[in-house]
Amino acid sequence: MSLALLVPELILAGMALALILAARRIQQTPVAVAGTVLAAMAAALASVWVLSGGARAGFEGMIALDGYSQFFKVLISATLALAALLSVRNLDAEHVPRAEYHALLLLASTGMMLAVSSRDLLPLYLGLELMTLCAYILVGIRVERQESNEAAIKYFLLGSFASAVLIYGISLTYAVTGTTDFAGIASALSKHGTGSNLLLLVAIGLVAAGLAFKIAAVPMHAWAPDAYQGASAPVAGFLAAGSKAVGLAALGRVCLAAYGSEARVLSVVLAGLAGLSIVVGSIIALSQTDMKRLLAYSSIAHAGYALLGLIAGTGDGASATMTYAFYYVFMTLGTFGVVAALGERGETLDGYRGLAAQRPGIALLMLLFLMSLTGIPPTAGFAAKFFVILSAVRAGHIALAVLAVACSVVSAFFYMRVAVLMYMNAPREPAPSRFPAAMSAALAVAALVTLIGGISPGSLARWAAPPIP
Amino acid sequence: MTAYPVLTAATFLPLLGAALILLFGGDRLARWIALATTLATLAVSAPLYACFDKASSALQFVESRDWIPSLNIAYGMGVDGISLPFIFLASLLSVLCIGASWTAIQTRAGEFYAALLVAETAMIGLFAASNLFLFFVFWELMLVPIFLLIGVWGGPGRVYAAVKFLIFTLSGSVLMLVGAIAIYRTCGTLDFRALALARSSLEPAQQAWLFAAFLAAFAVKVPMFPVHTWLPDAHTEAPTAGSVILAGILLKMGAYGFLRVSIPILPHGVQLFLKPMWIVSAAAIVYGAYVTLAQTDVKRLIAFSSISHMGFVTLGIFTLKRSGVEGAVLQMINHAIVSAALFLCVGMIYERTHTREIKDYGGVARAAPVYSTLLALFCLAAAGTPGLNSFVGEFLIIGGAFETQAWLGAMAVWGVALGTTYIIWLYYRVAMGEMNPGLVGLKLELNAREVATLAPLALLAVSLGLYPEYALSYFRASVGQLLAAGVTP
């Protein structure tokens with residue numbers, strides 16, 4: 001029975017429906033949060049459990065059950081659980097409908113899971129659209145805030161454009177190969193001479209552009225700063241972590257399994273995306289004064305770093321990219337988690353002044369996440385960066401590797417500016433109030449993964465490096 | 001062999017202490033925990049010196065464990081004669097730093113001592129690492145605690161100095177990362193010993209690029225002319241303990257990198273860059289000395305003198321002659337002792353006078369005879385007076401320089417002459433003459449804790465001056481092996 005392949009998705013969707021049905025009765029945040037976290041854990045366990053029967057495909061080969069999809073399903077579950085835990089404070093402060101909020105998180109995650117297990121362009125598109133549609137609403141869910149509405153509209157307009165680009169690329173691929181199935185595309189392409197079909201090159205470019213939107217790679221990045229700024233911090237973290245991981249997963253599968261024979265073109269396209277993202281993200285981040293905007297540009301730069309692994313077009317390279325995605329999820333959720341924990345004060349850079357004197361613990365956590373984002377050992381960010389730069393150098397892209405590390409110095413400047421504000425300035429605002437235990441737990445998990453990933457990159461290898469399709 | 005992994009214990013004990021301080025130590029308990037930790041570190045590292053086989057150039061106390069199996073990268077530790085003295089100095093100076101900060105650090109003391117201990121872990125780990133990956137990890141780990149030490153507890157210009165330090169050192173070290181990755185790609189390993197054997201697979205042209213990449217990292221740390229500009233700011237603004245660590249250990253990390261990476265692994269690159277290295281070293285010696293003469297701030301003066309003294313070190317290394325390299329290592333040790341001592345002296349008097357301007361001093365000897373005696377000892381040592389430690393190192397380096405190129409020797413001698421001038425002139429202006437009216441009534445004399453902090457360094461300065469063979473015997477075999485294997489490509 002093919003339905004067994006979708007158990008994790010069904011669990012999440014089921015919980016989402018249950019929350020919506022019971023919405024009128026759910027007045028308290030803890031119920032919704034507990035339900036979401038439980039569903040996320042169940043989905044993670046289920047995805048491990050269903051794979052124990054061996055890798056297989058179902059639904060006419062459209063949905064794959066393999067180590068790759070399992071890896072991302074676990075990662076998505078972790079993202080969902082952490083985002084739900086980190087939302088606790090915001091929900092109480094902002095009068096957001098609790099049940100709907102969590103149902104949207106769950107449905108977005110369902111879409112992500114569908115996307116990472118697709119072996120066909122159409123279910124991939126469906127999954128991504130489900131994720132993005134939920135994300136539009138999540139960004140704008142703080143209806144009383146103007147900037148939130150504005151962000152949602154901008155995100156929606158740009159997002160629909162990118163979806164149109166993606167579906168156009170899919171249709172052109174269908175026109176050339178007569179199929180949307182990855183294996184079918186690959187076998188059809190192997191009959192063409194590489195690089196000979198202009199229509200196919202356009203198709204690849206469009207699909208890559210559509211997926212680049214999801215990971216916020218330049219030039220499809222314009223939505224990220226506005227959307228992150230307008231969204232609440234946990235939602236922004238959920239987008240930065242989840243959307244990027246899924247986009248990278250999809251890109252990885254598409255590049256290796258479907259368009260593998262056009263590796264040369266892909267490598268040029270991806271190298272361009274990576275280089276541009278790293279440079280543009282790092283440089284524009286320098287002048288930001290809003291914390292979430294700064295993190296948005298940082299996430300653009302990180303999309304570029306993550307892509308460095310895919311350029312090689314090899315399994316090792318893709319595995320480096322996925323490792324990057326894995327660690328990036330935890331460090332970025334941790335950073336957004338600190339922003340969320342500080343409430344209004346966390347929104348602007350000035351709010352971080354003197355934080356270390358008032359709350360040494362949370363300042364230290366932030367320093368850890370910032371070090372990881374910069375790529376300073378012994379944090380996971382360093383290990384991740386080491387792997388992707390290694391694979392870029394192996395592929396012969398030395399200049400790109402040098403560009404990447406040079407930009408990481410630029411990025412040190414704005415990450416460490418936050419550290420300067422926290423540690424080397426006197427506080428101007430009263431100390432932030434204590435935050436709920438749920439948030440502490442989520443931050444602790446993120447910090448632990450960030451540290452262990454850096455101290456002993458080998459120990460998480462089984463989890464952090466997926467088998468390649 | 002010893003009963004426990006000495007190097008791992010010595011490296012990570014301070015980290016444990018830092019964790020203890022952050023978890024349990026309030027600001028009051030912190031300094032006691034820190035003192036206990038650094039003393040314990042010194043104690044657990046004792047077998048290193050007792051059981052070290054001086055006749056062997058091989059790595060000793062080797063530890064190896066799988067770390068990242070997928071990339072064949074191991075957690076490897078081991079010391080030879082070149083790294084051993086620096087482990088000793090790092091653990092000793094850490095103790096003294098705590099002595100120097102005992103009363104000077106009043107705000108957020110817990111975090112201060114935690115940062116200091118993390119820095120100690122990075123320092124010891126760096127010199128104990130037996131592969132490039134681990135070396136790089138400790139190299140970078142050093143960055144953040146020092147950044148915080150300067151930026152949080154430093155002087156008025158601390159934030160500027162801290163950020164400048166961070167950006168300079170990070171710019172260099174990321175290029176080292178690319179270099180390390182490129183080496184790994186070609187050789188398939190990052191272990192120092194394996195790389196020295198596998199270096200023939202690195203093409204001469206590739207070695208030139210790699211040398212340049214590593215040079216970027218090492219030159220900033222040494223610091224070599226013209227990338228030295230972060231150093232005066234960082235030294236001057238840092239709290240005393242920060243200056244001591246910077247001058248004592250951090251500057252040595254760059255020179256150690258040349259000895260550990262560039263010379264054994266990249267001989268073609270070294271040959272290609274030999275002349276430029278001579279020129280910038282000579283420039284650092286002479287230019288650094290002239291700039292030092294013009295300084296009006298005591299700390300800045302010592303900081304610039306470090307540039308000149310580290311010029312001797314790089315000059316000695318790149319003579320590639322036995323006496324030059326031995327002298328360079330000895331000079332690294334001596335400079336660590338003397339500059340750390342001078343920064344401690346300056347810090348102690350600053351705590352009383354709150355000024356670093358030379359013109360605000362004068363006649364200190366009248367009020368503080370013990371202080372002035374110790375200061376005189378360290379100033380004479382810095383000037384290279386025979387009988388004190390720096391003399392031997394400089395003498396060996398100058399010998400090596402004359403062996404290589406006569407003009408290099410001449411520049412070095414010129415540097416020594418200028419060095420004597422600026423340091424004696426400094427002592428004259430600070431300690432001798434009429435008492436500065438601003439100092440009257442201040443209690444300038446050192447207390448017992450401060451004398452105890454300076455005493456080990458004074459002892460080292462005198463004993464190494466009288467019997468340098470004690471230090472030389474540790475690294476003679478290693479230097480010999482380095483030159484035998486490394487100079488000719």
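Tutor: A crossing of two helices is called left-handed if the near helix is turned anticlockwise from the far one by less than a right angle. In this predicted model, the crossing of α4(B) and α20(B) is left-handed.

Student: Why are α4(B) and α20(B) called roughly antiparallel rather than roughly parallel?

Tutor: Helix α4 (residues 84-101) and helix α20 (residues 448-466) of chain B pack at an angle of about 155°. Angles over 145 degrees count as roughly antiparallel, and α4(B) and α20(B) are therefore described in that way. Their axes are 8 Å apart.

Student: How do you know that α4(B) and α20(B) meet, and which residues are involved?

Tutor: Contact requires heavy atoms within 4.5 Å. From α4(B), the residues that meet α20(B) are Phe88(B), Leu92(B), Leu93(B), Leu96(B), Gly99(B) and Ala100(B). On the side of α20(B) they are Arg449(B), Thr453(B), Pro456(B), Leu457(B) and Leu460(B). By class, this contact of α4(B) with α20(B) has eight nonpolar, two polar and one charged residues.

Student: What makes α11(A) roughly parallel to α13(A)?

Tutor: Helix α11 (residues 233-258) and helix α13 (residues 291-311) of chain A pack at an angle of about 15°, and their axes lie 11 Å apart. Because the limit for roughly parallel is an angle under 35 degrees, α11(A) is called roughly parallel to α13(A). The crossing of α11(A) and α13(A) is right-handed.

Student: Which residues of α11(A) and α13(A) meet?

Tutor: Ala233(A), Lys244(A), Leu248(A), Leu251(A) and Gly252(A) in α11(A) are in contact with residues of α13(A), among them Ile300(A), Ala303(A) and Leu307(A). The contact of α11(A) with α13(A) divides into eight nonpolar, two polar and two charged residues.

Student: At what angle do helix α14 of chain A and α19(A) pack?

Tutor: Helix α14 (residues 315-341) of chain A and α19(A) pack at about 145°, with axes 9 Å apart. The crossing of α14(A) and α19(A) is left-handed. Including Phe326(A), Tyr327(A) and Phe330(A) of α14(A), and Met439(A), Leu443(A) and Val449(A) of α19(A), the contact draws on both helices. The residues of this contact of α14(A) with α19(A) are twelve nonpolar, four polar and no charged.

Student: What is the volume of the largest pocket, and which residues are closest to its centre?

Tutor: The largest pocket has a volume of about 1500 Å³. Of its 46 lining residues, Leu364(A), Leu451(A), Leu15(B), Leu22(B) and Val118(B) are the closest to the centre.

Student: Where are the cis peptide bonds between Pro377(A) and Pro378(A) and from Phe225(B) to Pro226(B)?

Tutor: The bond joining Pro377(A) and Pro378(A) has an omega of about 5°, and Pro378(A) lies in the loop between α16 and α17 (380-394) of chain A. For the bond from Phe225(B) to Pro226(B), omega is near 0°; Pro226(B) lies in the loop between α10 (204-221) and α11 (230-237) of chain B.

Student: What makes Glu60(A) worth noting for its phi?

Tutor: Phi of Glu60(A) is near 60°, a positive value in a residue other than glycine. Glu60(A) lies in the loop between β1 (56-58) and β2 (63-65) of chain A.

Notes:
Residues numbered from 1 in each chain as written. Chains lettered and ligands numbered in written order. Predicted model: local features only at pLDDT ≥ 70, side-chain atom pairs only at ≥ 80, totals over all residues. Heavy atoms only, no water. 1 Å grid on protein atoms, 1.4 Å probe; cavity = no way out; pocket = protein on both sides within 12 Å on 5 of 7 lines; lining within 4 Å. Points joined across faces, edges and corners; volume = space filled by probe spheres on them. Axes fitted to C-alpha atoms, helices over the stretch in contact; angles between N-to-C directions. Helix = DSSP H or I, 4+ residues; strand = E, 2+ residues; numbered from the N terminus. Parallel < 35°, antiparallel > 145°, perpendicular 65-115°, else oblique. Nonpolar A, V, L, I, M, F, W, Y, C, P; charged D, E, K, R; others polar.
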